[in-house]
Amino acid sequence: MAIWNLGSINADIVYRVPHIPAPGETLSSTSRQTFLGGKGANMSVAAARAAAHVHHIGAVGADGRWATERLLEYGVDTSYIAELDTETAQAIIMVADDGENAIVLHPGANAEIPQATLQAAMAEASTGDWLVTQNETNLQRTAAQLGKRLGLQVAYAAAPFDAERVQAVLPYLDFLILNAVEAEQLQDATGTAPRDLPVRDVIVTLGADGADWHGANGKAHFPAMKVVPVDTTGAGDTFTGYVLAGLDRGMPMAQAIALATKAGALMVTRHGTADVIPDFSEVQAFQS
Ligand code: ADP
């Protein structure tokens, strides 16, 4: 089986600054580093590190060839990443000495993924494969609809949260994953609690409090592992990639969540995103 991920690919450019600049202020950075990022890329890397066969569907500009190459190095199939005549998405991340941050996100190629690229990918997908999307690209609804029609299992990570976008894909979903804040926002927008949504499996992640799974047999809670977190970015993406990889391999949901819980905990003990997502053997060996 395989996972098809219609997802964002970002250049995360991290500027270290003495403080977050005020309106009108000009400030020199003390360092600058570029990392592979984007929720989509993170999930592809996590699922590939969890030993799944992952095809990323997305787009970059010529300035993002390095990102496509890095995904390939990390074991992700990049045949369906289009190179467009536009810029690769960028996250300009300022991190101040006191840990405060501010981010400007430029969607670039993530918002212009050609429909033909999606269609070419879906033509290669098999019944029972997984299709996953998040809210950082165009074509989410088209992909969910197409995936469902082709007999794929359709998953959505509702982040960054947008009530209209989630509601547009809801009718096609087998699996929805969101964090506690997003779950509350969805309930405010729809008046429906996660357990009552018309989706087979819903997972609400709760950070250091673990995760709740609302499935056919009701709710099950999975406590988090006890670790000392140093950087919580990418925890949710890592968790989602591991759950999908487990399900794709035929694991029961509870077992897939148990594996993802370990991966998420290990991830928060590391600085960084895609580049530091733990691999399957590290996750299996991890005990807190
Ligand atoms: P998001 O990054 O999308 O907000 P969460 O913060 O809920 O997602 O994290 C996803 C999962 O990662 C959690 O369900 C949990 O299993 C694990 N996790 C996150 N933060 C911690 C933490 N501080 N300690 C242990 N596990 C954590």
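## Terms and model

A cavity is a set of points, on a 1 Å grid over the protein atoms alone, where a 1.4 Å probe fits but cannot get out; lining residues have an atom within 4 Å of a point. Grid points are joined across faces, edges and corners, and a volume is the space filled by probe spheres set on the points.

The model is predicted: local features need pLDDT of at least 70, side-chain atom pairs count only at pLDDT 80 or more, and totals for chains, interfaces and linings use all residues. Residues are numbered from 1 along each chain as its sequence is written, and side-chain values use heavy atoms, without hydrogens and water.

## Cavity

The whole structure holds one cavity of 30 Å³ or more. Its lining includes Ile3, Met43, Val132 and Leu244. Strand E1 (3–6), helix H1 (39–49) and H7 each give two or more residues to this lining. H1 gives the most, with three. Helices (H or I, at least four residues) and strands (E, at least two) are DSSP runs, numbered from the N terminus.

## Ligand site

Polar contacts are pairs of N or O atoms within 3.5 Å. A polar side-chain atom of Asn179 lies 3.0 Å from a ligand oxygen.

How values were computed
A polar contact is a pair of N or O atoms within 3.5 Å; within protein, one must be able to donate a hydrogen and the other to accept it, and residues adjacent in sequence count only if both atoms are side-chain atoms. On a 1 Å grid over the protein atoms alone, a cavity is a set of points where a 1.4 Å probe fits but cannot get out, and a pocket is an open set with protein on both sides within 12 Å along at least five of seven lines; lining residues have an atom within 4 Å of a point.
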